[in-house]
Amino acid sequence: MTIAISLPNPEKLIWWTDHLGALLPEHEVLAAADITRPKEVTYAVVWQPPAGLLSSYPNLRATISIGAGIDHVAADPDYPAAIPVVKTIGPDMTQRMCEYVALHVLRLHRHLPDLQDAQRRGAWHQIVTPTAPNRKVGVLGQGHLGRHAALTLRGLGFDVAGWSRSGAAPDGIDGYDGGALDAFLARNDIFVCLLPLTPDTRGILCADAFAKMPKGASIINAARGAHLVEDDLLAALETGQIAQATLDVFNTEPLPEAHAFWSHPNVLITPHVASLIDPVSGGEVIAANIRTLDAGEVPDALTHVGRGY
Ligand code: NAP
Ligand code: GLV
């Protein structure tokens, strides 16, 4: 049984191949380019695999995403939809995302951009902000990361709502279902996007959504660049409909040098670092999921492309 590894970054490819080879000695672990007998590939461990690679393994049992998102697998039009995909989420990834969301919601809540601007002007500009219970924060997506982020914000005292298809949300979080999007958009001052990227969620942060938010709302996108219509955001920043945007993910990554976001005074850019997979603990999660599959069981994080998450 062979495990094929595919990542665009050559150094990471060597690291993951060696690391998983050591963690899974009962398997042959090879970089996809070194595989001569595709029929023997039972698992593929991938990040942004080339189109057609996964459909070239006729006995593939599961694809393992080196990350929480599976949109990079679903992007391959030839992906055999019956083959399950296992997401990789561990405690480190959840912790990092919660830290990122707390940091950036607090930054916006306490008007840090305005205080930094005042400092640059040498101005003693006191701003009294409402307390967290009087600040409404909406988290789009109540999956593993969205739920934990919402609970972290709740723990800081914020008045938090979560939006998802079903409206399911943990205790203490005000749940809104798919049909209640307009009410959810009207409710919040700060929005955090933690949706999976699917045909239904692509472009959800657009002019129409911004118009339904309270004037001066702020957004944080830590999910995928394609959730956001970038030109619509620039227009909404121009009118003040959106006051601030914190963006970790972009349509094109790395963000092109000439992109208007780089120099925009009301945009904070982070380079897709909200919660990078930790290679060591992430490797252990992947190895454990492969052992679960070997035992004929179903890992918690198993899903299918097209299912939406
Ligand atoms: P997930 O578990 O796949 O999210 C599922 C949630 O999204 C559920 O609440 C689901 O609602 C909701 N949902 C799905 N389709 C929907 C729709 N059409 N309308 C409304 N709600 C919908 O996602 P996750 O694993 O928590 O990851 C969240 C995001 O973070 C992903 O985009 C991932 O790629 C990204 N990510 C980014 C980084 C980074 O460093 N920036 C790191 C890790 C992950 P129901 O359950 O009700 O169906
Ligand atoms: C990172 O973006 C991930 O999906 O894990």
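Guide: In what follows, Lys and Arg count as positive and Asp and Glu as negative, while His and the chain ends are not counted; the place of a charge is taken as NZ of Lys, CZ of Arg, CG of Asp or CD of Glu. This is a predicted model, in which local features need pLDDT of at least 70 and side-chain atom pairs count only at pLDDT 80 or more, whereas totals for chains, interfaces and linings use all residues. Residues are numbered from 1 along each chain as its sequence is written, chains are lettered from A and ligands numbered from 1 in the order in which they are written, and side-chain values use heavy atoms, with hydrogens and water left out.

Visitor: How far apart do the centres of the positive and negative side chains lie in the protein chain?

Guide: The protein chain carries 22 positive and 33 negative side chains.

Visitor: What radius of gyration does the protein chain of 309 residues have?

Guide: The radius is taken over C-alpha atoms, and the globule rule is 2.2 Å times the number of residues to the power 0.38. For 309 residues a compact globule would come near 19 Å, and the protein chain agrees with this at 21 Å.

Visitor: Which residues of helix H8 are buried?

Guide: Helices are DSSP runs (H or I, at least four residues), as are strands (E, at least two), numbered from the N terminus; buried means under 20% relative accessible area, exposed over 50% and partly exposed in between (1.4 Å probe, protein chains only). H8 covers residues 230-239, and its buried members are Glu230, Leu233, Leu234, Ala236 and Leu237.

Visitor: Within what arc do the buried residues of H8 fall, seen down its axis?

Guide: The arc is that of the directions from the helix axis to the C-beta atoms. On the other side of H8, Asp231, Glu238 and Thr239 are exposed. The buried residues line one face of the helix, because they fall within an arc of 165°.

Visitor: Which glycine takes a positive phi just after H8?

Guide: The phi in question is about 85°. The residue that takes this value is glycine 240.

Visitor: Is valine 249 buried or exposed?

Guide: Valine 249 lies in the loop between S11 and S12. Leaving aside neighbours within four places in sequence, valine 249 is in contact (heavy atoms within 4.5 Å) with residues including Asn221, Arg224 and His272. Its C-alpha is 5.3 Å from that of histidine 272, 23 residues away in sequence. With a relative accessible area of 2%, valine 249 is buried.
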